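Trainee: I am new to this structure and would like to go through it with you. May we begin with the terms?

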Amino acid sequence: MVSTVTARFDQDFNQDNVTPLWKERRFISVRPVECAVGSSAYRNRRPHRRTRSEPSASWGKRLFDITVASAALLFLAPLLIAIAFAIKITSPGPVLFHQYRYGYRNRRFKIYKFRSMRTDAGDRAGVKQTVQGDSRITPIGRLLRKTSLDEIPQLINVIRGDMSLVGPRPHVPGMLAANLPYEDLVPYYFQRHIARPGITGLAQVSGCRGSTVESNRAISRIDYDLDYIEKWSLRMDIMIIVRTVRREFLSGSGF
């Protein structure tokens with residue numbers, strides 16, 4: 001069956017005189033794979049036989065999201081006020097930045113973040129990705145991005161139901177990966193949208209955060225998203241949140 005599908009893909013692409021990106025690969029992963037930076041080696045994972053409900057169908061996950069997000073907003077209120085004041089006095093423009101991204105079942109929603117770039121250089125469409133040492137980032141924005149504090153306003157999105165605390169990170173429509181539309185690079189890309197997007201996710205705490213210029217890392221990020229959806233549990237959500245706090249807020253791996 002796999003060989004028949006592969007042959008059809010090859011035939012269709014050869015008719016258009018286009019070399020398929022996956023021509024050089026031995027197979028296309030439809031299950032999560034190991035993220036190996038700088039390597040194109042993929043490792044199969046056996047599908048789970050036990051059927052699990054989708055994360056977005058769980059009332060327990062939704063209750064957990066609302067409870068934790070509300071408590072976090074109350075606890076962090078003084079810090080949020082201080083950040084807003086710092087942004088306002090160090091650069092002209094609004095405190096919050098918003099952008100439309102893919103949400104649950106491909107519905108678009110408005111995501112909120114603390115503004116970390118100059119208003120005259122920001123990219124609301126999200127076409128131009130942020131790179132290390134990006135000149136568009138303000139001094140206070142650099143600190144916010146390094147510690148991931150710019151993501152805190154997304155707690156509002158969680159309470160509204162647009163997002164979850166943990167899930168696949170929401171992408172802008174038309175996002176590029178390896179200079180291709182993401183869905184062209186990864187044929188099963190839209191499967192990740194059967195769950196609400198998250199402030200953090202399995203891909204991010206597993207080292208697949210940042211630029212999507214490298215095809216291996218970009219593909220692995222989607223595979224980790226599908227791995228999360230397949231194996232989801234509240235215990236897994238808690239573990240990812242703990243790892244996020246340790247990796248992002250305390251260590252400061254963002255840029």
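Mentor: Let us begin with the word cavity: a set of grid points where a 1.4 Å probe fits but cannot get out. Please keep in mind that the model is predicted.

Trainee: How many cavities of 30 Å³ or more does the structure hold?

Mentor: There are two of them. Rolling a probe the size of a water molecule over the atoms shows where empty space is left.

Trainee: How much space lies in the second largest cavity?

Mentor: The second largest cavity holds about 70 Å³.

Trainee: And which residues line it?

Mentor: The lining of the second largest cavity is made up of Pro55, Ser56, Ser58, Lys61, Arg62, Asp65, Ser164, Val166, Ala195 and Arg196. By class, three are nonpolar, three polar and four charged.

Trainee: Which element gives the most to that lining?

Mentor: Helix H2 does, with three residues. Helix H2 spans 59–75, and strand E3, at 164–166, likewise supplies at least two lining residues.

Trainee: Let us step back to the whole chain. How many helices and strands are there?

Mentor: The protein chain has nine helices and six strands. It has 255 residues, and 45% of them count as buried. The accessible surface comes to about 14200 Å², with 58% belonging to carbon and sulfur atoms.

Trainee: What share of the contacts with a separation of 6 or more joins residues 24 or more positions apart?

Mentor: Such pairs account for 70% of those contacts in the protein chain.

Trainee: What about the largest nonpolar core? Which residues have the most contacts inside it?

Mentor: That core has 43 residues, and those with the most contacts inside it are Leu144, Leu165, Tyr182, Val186, Leu202, Tyr228 and Ile240. Helix H8, residues 215–231, gives the most to this core, with seven residues. As background, nonpolar side chains tend to be buried together in soluble globular proteins.

Trainee: Take Leu202, then. What does it touch?

Mentor: Leaving aside residues up to four places away in sequence, Leu202 touches Tyr224, Asp227, Tyr228, Met236 and Ile240.

Trainee: Where is Met236?

Mentor: Met236 lies in helix H9, residues 234–250. The C-alpha atoms of Met236 and Leu202 are separated by 9.1 Å, and the two residues are 34 apart along the chain.

Trainee: Why does Met236 count as buried?

Mentor: Met236 counts as buried because its relative accessibility is 17%, and the cut-off for buried is under 20%.

Trainee: A change of topic: what is Ala177 part of, and is it buried or exposed?

Mentor: Ala177 lies in strand E4, residues 176–177. Ala177 is buried, with a relative accessible area of 0%. Beyond four places in sequence, Ala177 touches Tyr182, Leu185, Thr212 and Ala218.

Trainee: And where is Ala178?

Mentor: Ala178 lies in the loop between E4 and strand E5, which covers 180–181. Ala178 is partly exposed, at 21% relative accessible area. Its phi is near 55°, a positive value in a residue other than glycine.

Trainee: Where is Ser148 found?

Mentor: Ser148 is in the loop between helix H4 (139–147) and helix H5 (154–160). Ser148 counts as buried, at 6% relative accessibility.

Terms used. Residues numbered from 1 in each chain as written. Predicted model: local features only at pLDDT ≥ 70, side-chain atom pairs only at ≥ 80, totals over all residues. Heavy atoms only, no water. Helix = DSSP H or I, 4+ residues; strand = E, 2+ residues; numbered from the N terminus. Buried < 20%, exposed > 50% of the residue type's maximum accessible area, 1.4 Å probe, protein only. Contact = heavy atoms within 4.5 Å. Areas by Shrake-Rupley, 256 points an atom, 1.4 Å probe, with all protein chains shown as cover. 1 Å grid on protein atoms, 1.4 Å probe; cavity = no way out; pocket = protein on both sides within 12 Å on 5 of 7 lines; lining within 4 Å. Points joined across faces, edges and corners; volume = space filled by probe spheres on them. Nonpolar A, V, L, I, M, F, W, Y, C, P; charged D, E, K, R; others polar. Core = buried A, V, L, I, M, F, W, Y, C linked by side-chain atoms within 4.5 Å.
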